[in-house]
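Visitor: Hi! I'm new to this one, could you walk me through it?
Guide: Happy to; here it is.
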Protein chains: 2
Amino acid sequence: MRSQGQTWEATRDRIGAEIASGRLPPDSRLPSEPELCRLYDARRHSLRRALAALEAEGKLRVEHGRGTFVERAPLVNYVIGQRTRFRENLLSQGLTASGQSLSEAQIPADARIARLLGLPVGALVHAISRRGFANELPISLGWSYHDASRFPELAELRRQGISVTEIYRSHGIEDYQRLRTTIFTRPANEREAPLLMLRPGQSVLIVQKVDVDKAGRPIGFSEAAWAGDRVQFTFETTPPYSFATEKHDDV
Amino acid sequence: MRSQGQTWEATRDRIGAEIASGRLPPDSRLPSEPELCRLYDARRHSLRRALAALEAEGKLRVEHGRGTFVERAPLVNYVIGQRTRFRENLLSQGLTASGQSLSEAQIPADARIARLLGLPVGALVHAISRRGFANELPISLGWSYHDASRFPELAELRRQGISVTEIYRSHGIEDYQRLRTTIFTRPANEREAPLLMLRPGQSVLIVQKVDVDKAGRPIGFSEAAWAGDRVQFTFETTPPYSFATEKHDDV
DNA sequence: TGCCATTTGTCCGTATGTATC
DNA sequence: AGATACATACGGACAAATGGC
């Protein structure tokens, strides 16, 4: 076996158990590193490795010069049907929803955007970037792309707080639906992490979707990075019942 | 600034660039740690921190006593509609699909399973655990639960390689569909990581679903952990068109 | 089988930089 | 400015897994 103390994994598990049990409640501050070293009979290197692992799991948040805190993990269950809107989704869970525009531009469509929107490469599209919040906590970072010739004043209307659904309607698009939704996970990059209040390396869920009109023609494409430890997605394929599945059940 | 060498982040980025550029191709072995220290003028601690970060991003795979290798990242696009089967999904992408039974048991339903299946707590259910492979590489680790009184010989039939769809049909269930699918991400735990050939801390996508018959009654519940860096899910909400969205595009 | 070189994993001690209060 | 707390870095020792001889 080992000639020295315990492994960093043992320390990680002991602290993790404290958090899971609730003895260390969300947002509470952990003792300082020297103190933790005494409490768990660990040397600083090993203790820090344990803390780093817990941080990567999203259970802790380490703040330089301030201390180490237990992460609170509010959970947004984002229900995706054929027509889904951000606000309603969150409001129905008793959460406050808000958004913030990060950038707006008209840009020529690159090959990917052009193909997804059924436009020629180089056609002007609105590219709008927004950040979404639930209960003042950032949860998503999104980009949307719309044909600028079809929705000339889209950016202006969005800035005024008018929803995408209403803008569609004002263009005679009474009914639209999602063509498909693609979802995968990857580590947050250095741009996303601070905006989502994640540490680099924590996971985001990338959700890409295409809205189509009744004729099946694409009218908008969007993709968003969601804070992986604060959200789950539910895809409804039939009228909603009252079942529920729960996050963080061990599988 | 710093009194000593470069930061571990600089080393991480330099090696990461080598991988991204293809100069270090997938599955190739990196030089040993002492060699890398010389190449990048880093000390062992800092170098190892850089490697650990790249490993967490899924770009490298470090094998104790053997060496460090560039990770290959085959991508499975798993399309989920109302009726979806594992094999067809992979075969349509030119991948070979296979599965392996890990465990089979009849157990009393706990509160969650009972609620999801619409059974009383304690009712006997088949609990079957399987591992799925694409091109011989493990990609999923799943558990399924079915009412044992309704499908008495389910485990036996599954062992013989008979699909769930066929078993349903033999019980007069000609048509069934997913009620809902819930998906979220979390780090792989220590049980899952080796079975999915992931390192602890890399992300899995958890997919939970309930199958219902035409009357809307639940007939089966399953949940699976998918290797997060090897799979994406696409939810079709309308008849399939020929659009595509691509993984690993920077958002 | 066993020995041994190679390679990665863990741990310890220490010094100094940097952010916060 | 000083105290506290986290971040980075260096050096050294030994453990454990692998693979060749």
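Guide: What follows is a short chat about some strands, helices and aromatic rings in this predicted model.

Visitor: Let's start with strand 7 of chain B. Is it enclosed or open, and why?
Guide: Strand 7 of chain B covers residues 176-187, and ten of its twelve residues are buried, so the rest of the structure largely encloses it.

Visitor: Which way does it pair with strand 8 of chain B, and over how many bridges?
Guide: The two pair in the antiparallel sense, over eleven bridges. Strand 8 of chain B takes in residues 203-213.

Visitor: And what is the bridge partner of B:Gln177 there?
Guide: That's B:Val212, in strand 8 of chain B.

Visitor: Switching to helices: how do the axes of helix 2 and helix 3 of chain B cross?
Guide: Helix 2 (residues 33-40) and helix 3 (residues 44-56) of chain B have axes that come within 10 Å and cross at roughly 100°. An angle from 65 to 115 degrees counts as roughly perpendicular, so that is how these two helices of chain B lie to each other.

Visitor: Which residues make the contact?
Guide: From helix 2 of chain B, they are B:Glu33, B:Leu36 and B:Cys37; from helix 3 of chain B, they are B:Arg44, B:Leu47, B:Arg48 and B:Leu51. The contact residues divide into four nonpolar, three charged and no polar.

Visitor: Now the aromatics. How many pairs over all chains?
Guide: The count comes to ten aromatic pairs. In one of them, the rings of A:Trp226 and A:Phe233 have centres 5.2 Å apart and planes at 90°, so the pair is edge-to-face.

Visitor: Are those two buried or exposed?
Guide: A:Trp226 is buried, with a relative accessible area of 6%, and A:Phe233 is buried too, at 1%. Together with A:Tyr78, A:Trp226 and A:Phe233 form one aromatic cluster.

Visitor: What about B:Tyr145 and B:Phe221?
Guide: Their ring centres lie 6.1 Å apart and their planes are at 15°, so that pair is stacked. B:Tyr145 belongs to strand 6 (residues 137-147) of chain B and B:Phe221 to strand 9 (residues 218-227) of chain B, so the pair ties together parts 76 residues apart in sequence. Both B:Tyr145 and B:Phe221 are buried.

Visitor: One last stop: where does B:Glu166 lie?
Guide: B:Glu166 lies in helix 7 (residues 164-170) of chain B. B:Glu166 is partly exposed, with a relative accessible area of 41%.

Visitor: And what separates the C-alpha atoms of B:Glu166 and B:Val76?
Guide: Those C-alpha atoms are separated by 25 Å, with B:Glu166 and B:Val76 lying 90 residues apart along the chain.

Terms used
Residues numbered from 1 in each chain as written. Chains lettered and ligands numbered in written order. Predicted model: local features only at pLDDT ≥ 70, side-chain atom pairs only at ≥ 80, totals over all residues. Heavy atoms only, no water. Buried < 20%, exposed > 50% of the residue type's maximum accessible area, 1.4 Å probe, protein only. Helix = DSSP H or I, 4+ residues; strand = E, 2+ residues; numbered from the N terminus. Pairing = 2+ DSSP bridges. Axes fitted to C-alpha atoms, helices over the stretch in contact; angles between N-to-C directions. Parallel < 35°, antiparallel > 145°, perpendicular 65-115°, else oblique. Contact = heavy atoms within 4.5 Å. Nonpolar A, V, L, I, M, F, W, Y, C, P; charged D, E, K, R; others polar. Phe/Tyr/Trp six-rings, centres within 6.5 Å; stacked < 30°, edge-to-face > 60°.
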